[in-house]
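Please keep the sequence and the structure in view while reading.

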Amino acid sequence: MSTDPAKLIRSSNPKDRANGIKLVARRKDERALRILMQLSQNDEDPNVRQFARKGAAYVAKKLEEAGKLDDIADAAIVAEPEPEPEEEALLPEGEVEVSERNIERASSYVSAAFDQNMNEQKDKAIQSLSKAMQLNPNLRFDGYFTSVATSVTGLPAEEAFMTLYSDKKRKGALDKVKQGKMSASAAEHMQEAEKHTWGSLTLDLGIIGAVAFLGMLFAVLMLPFAINSRINTFESEIAASIEEAGGESELTPEASATIDTTRDNIELLREILGFIGLPLAGIMAVASLLGIVPGLVAFGATGHAIASAMGREGTMPYMIYNLVNAYRMPLFLIYALMILLPILIFIAGLPPRFALIGVTFILVIVILFLSFRVNSGIRQSYFGMNPIQASLVYFIAGIPYSLIVFGVAFVTGLVVSGMLAPVFELIPVEEITGL
């Protein structure tokens, strides 16, 4: 027998659903109480509904003892559903005359209902059987139809016939199927969300932290590498010009002085790049790590608080997991673009303005893609959340995230400025401007 409560609750067998109720009741938390309350009102089997009410009462008692049960939930458990008024029978008392065409059409609907029921599409199966009975009321005297009708509706034969033939009862049956699907979906979502704990989330945050650290490290290190590559090319061009002039001995004093100054400037620039390259990359990499990881945790915590206030079901670790998953690929692409930019300018030789426009255009697309993924991740984190609610969570939860990123960037700017100030005092950078 399965031990998965979500599968058991979704089963067509009332005994399986009862066993699923037992497993849910053992959780003794507010989510279990809500699921049991839904089953106690919407399950198609009266015995299962009664069993769910007992389970809900048990969980409510445990929550009340722990001081976690509110009056509304307590009232919902105690209150019994209002009995529906008796509906006058609409089925004809005996067999009626039915055309051959309607008999064939009704038979095709019964076959479709059988397939739909096998595929766990009970709502469609009920609608198909209802159409069949409207076309041929005599089907209630057919053993095969009776078997399919009782299997689909979970009701005794006469009650099943009345449910399929009556518009009001059929709508009620469809509503119960819909509520049952929602209960099963909520249980599945709850089970998936609780797979992600703070322990498992540590690895996910470690991965996104590594992407942030290494991505920024290589992006900053690429700048001096690319500039050095351009310097080497420039030196080769100077050597070629001297060779075309017949050697340094053939140069005029003014040309020799210009070349000597250029060579001195090149050495100064290399000295600056060598001094600040690795320390600057390390500082920026740490800043990137401190901005992304704490920022995502703050985003997840704020977003979870807002979603919970909206009454949506989910957990904070699951929210942060989906955020990390949403950020991983776009973040990698952003750092790849940062690495690509100096390559395009200093190695490929593209005009800086052209390279900046191209990279910025791609960057905007990546950021839009990131926004879409984050919004989708928020919806996935909470059962029943619609796009408007997800956008609201995204907007509000993004405020503390932005503040953290801005704060880290501001402090990093102060540190980098303090580190570079002595360098530019010792090395006359203004002499390099002629390069």
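Asn-47 is exposed in this predicted model, because its relative accessible area of 62% lies over the 50% cut-off. The residue belongs to helix α4, which covers residues 46-65. Lys-15 is 32 residues away from Asn-47 in sequence, and the two C-alpha atoms are 9.6 Å apart in space.

**Aromatic pairs**

The structure contains seven aromatic pairs. One of them joins Phe-145 and Phe-161, whose rings are stacked, with 6.1 Å from centre to centre and 20° between the planes. This pair links distant parts of the chain: Phe-145 is in helix α8 (residues 143-153), Phe-161 is in helix α9 (residues 157-165), and they are 16 residues apart. Phe-145 has a relative accessible area of 0% and is therefore buried; Phe-161, at 2%, is buried as well.

A further pair consists of Phe-299 and Tyr-401, with ring centres 6.1 Å apart. Their planes meet at 65°, so this pair is edge-to-face. Phe-299 is part of helix α12 (residues 253-309) and Tyr-401 is part of helix α15 (residues 387-426), so the pair ties together parts of the chain that are 102 residues apart in sequence.

| Residue | Relative accessible area | Class |
|---|---|---|
| Phe-145 | 0% | buried |
| Phe-161 | 2% | buried |
| Phe-299 | 1% | buried |
| Tyr-401 | 12% | buried |

Phe-299 and Tyr-401 also belong to one aromatic cluster, together with Tyr-327 and Tyr-394.

**Nonpolar cores**

In soluble globular proteins, nonpolar side chains tend to be buried together. Which residues touch the most other members of the largest nonpolar core? They are Ile-208, Ile-292, Leu-296, Phe-299, Val-374 and Ile-378, in a core of 34 residues. Helices α11 (198-244), α12, α13 (316-347), α14 (352-381) and α15 each give two or more residues to this core. The largest share, nine residues, comes from α12.

Leaving aside residues up to four places away in sequence, Ile-378 touches Phe-299, Met-319, Met-385, Ala-390, Val-393 and Tyr-394.

A second, separate core has 22 residues, among them Ala-132, Leu-135, Phe-145 and Leu-174.

Definitions and conventions
Residues are numbered from 1 along each chain as its sequence is written. This is a predicted model: local features need pLDDT of at least 70, side-chain atom pairs count only at pLDDT 80 or more; totals for chains, interfaces and linings use all residues. Side-chain values use heavy atoms; hydrogens and water are left out. Helices (H or I, at least four residues) and strands (E, at least two) are DSSP runs, numbered from the N terminus. Buried means under 20% relative accessible area, exposed over 50%, partly exposed in between (1.4 Å probe, protein chains only). Rings of Phe, Tyr and Trp (its six-membered ring) pair if their centres lie within 6.5 Å; planes under 30 degrees apart count as stacked, over 60 as edge-to-face and the rest as tilted. A nonpolar core is a set of buried Ala, Val, Leu, Ile, Met, Phe, Trp, Tyr and Cys residues joined through side-chain atoms within 4.5 Å. Contact means heavy atoms within 4.5 Å.
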